[in-house]
Amino acid sequence: MPKLNAFQLKWIAIIGMILNHIVIGLWSDSFPTWLAIPLYAAGGLTFPIMAYFVVEGYKHTRSLGKYIGRLAIFGLIAIPFHMLTMGALMLNIMFTIIVGLFCLRLYDKLAKMRWLFWILFVIITILTMLPIPFDWPIIGVIVVILTYAIKNEKARRVVPSVVAGAFILLSSLSSVWTLNNPEFAGVVLYGMDLRLAWVSMTFFVGCVAAAILLHGYNGDRGKRMRWTFYVIYPVHLAVIGLTALALGLVTLAQFGINI
């Protein structure tokens with residue numbers, strides 16, 4: 001397999017994200033399972049690759065405040081479209097990254113009191129589920145920290161992705177079990193139906209693929225794409241979310257908005 005640079009890996013992550021959001025946002029009985037499976041699996045590529053370069057960005061940024069500010073601005077813009085795409089009230093991945101960056105800063109600041117960091121880290125990861133869940137709740141922040149805390153370069157490119165995949169696989173199995181036990185239906189993750197819960201297991205495949213691609217990263221930055229992801233993120237969600245709204249796959253009434 002040819003080695004890829006950062007520019008190429010980031011585009012793979014972006015494409016995987018878009019494909020995954022298409023199947024989530026436009027999911028319906030008419031969406032064939034054979035097509036849903038690879039599209040959903042592609043989403044597993046995105047966050048492990050993204051987390052790796054978020055950590056690299058943290059190491060080299062001149063201003064962490066400006067970095068977080070950019071994420072916050074585009075995250076806020078994306079909120080309504082993310083809600084429509086996901087069909088649920090939740091904070092998007094920009095906010096997960098912000099929490100991850102906060103944890104990285106905390107990790108460095110508490111270098112001499114690592115026990116305190118891990119206590120705070122557990123609390124923070126739990127809070128990504130409550131009261132409004134984040135995208136990639138719990139595991140997203142864990143992936144960011146693992147990518148930073150693991151010192152062996154090859155290991156930090158592979159281990160976080162595999163851990164993420166295993167976590168998602170177990171979460172999907174939990175959703176399948178929950179959907180097959182109606183008395184627990186109130187705790188289904190993301191309001192999945194049974195078919196989507198089964199399909200979501202393929203996320204593990206995407207995460208493993210991300211580990212393979214990151215292992216082959218050649219260390220070259222390639223072309224710069226400072227604003228590309230920031231712009232594509234809310235734009236693609238707007239297209240998918242508004243399409244889902246127009247097709248009646250999601251309604252404003254789901255969010256308590258009556259027009």
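In this predicted model, the crossing formed by helix 1 and helix 2 is left-handed.

**Helix 1 and helix 2**

- Helix 1, covering residues 6–25, packs on helix 2, covering residues 33–42, at an angle of about 135°, and their axes lie 6 Å apart.
- Because angles over 145 degrees would count as roughly antiparallel and those from 65 to 115 as roughly perpendicular, the two helices are classed as oblique to each other.
- On the side of helix 1 the contact is made by G16, L19, N20, V23 and I24, which meet A36, L39, Y40 and A42 of helix 2.
- Sorted by class, the residues of this contact comprise seven nonpolar and two polar ones, with no charged residue.

**Helix 3 and helix 5**

- Helix 3 (residues 46–60) packs against helix 5 at an angle of about 45°, with a separation of 11 Å between their axes.
- This angle makes helix 3 oblique to helix 5, and the crossing of the two is right-handed.
- From helix 3, the residues F47, M50, V54, V55 and Y58 take part in the contact, and they meet I93, T96, I97, L101, L104, R105 and D108 in helix 5.
- The contact of helix 3 with helix 5 contains nine nonpolar residues, one polar residue and two charged residues.

**Helix 5 on its own**

- Helix 5 runs over residues 93–109, and its 17 residues should span 24 Å at 1.5 Å a residue, a value with which the 24 Å between its end C-alpha atoms agrees.

**G222 in its loop**

- G222 is located in the loop that lies between helix 10 (203–215) and helix 11 (228–246).
- With a relative accessible area of 29%, G222 is partly exposed, since that class lies between the 20% limit for buried residues and the 50% limit for exposed ones.
- Leaving aside residues up to four places away in sequence, G222 touches N5 and F7.
- Although G222 and F7 are 215 residues apart along the chain, their C-alpha atoms are separated by 5.2 Å.

Methods. Residues are numbered from 1 along each chain as its sequence is written. This is a predicted model: local features need pLDDT of at least 70, side-chain atom pairs count only at pLDDT 80 or more; totals for chains, interfaces and linings use all residues. Side-chain values use heavy atoms; hydrogens and water are left out. Helices (H or I, at least four residues) and strands (E, at least two) are DSSP runs, numbered from the N terminus. The expected span of a helix is 1.5 Å times one less than its number of residues. Axes are lines fitted to C-alpha atoms, for helices over the stretch in contact, and angles run from 0 to 180 degrees between N-to-C directions. Angles under 35 degrees count as roughly parallel, over 145 as roughly antiparallel, 65 to 115 as roughly perpendicular and the rest as oblique. A crossing is left-handed if the near helix is turned anticlockwise from the far one by less than a right angle, and right-handed if clockwise. Contact means heavy atoms within 4.5 Å. Ala, Val, Leu, Ile, Met, Phe, Trp, Tyr, Cys and Pro count as nonpolar, Asp, Glu, Lys and Arg as charged, and the others, Gly among them, as polar. Buried means under 20% relative accessible area, exposed over 50%, partly exposed in between (1.4 Å probe, protein chains only).
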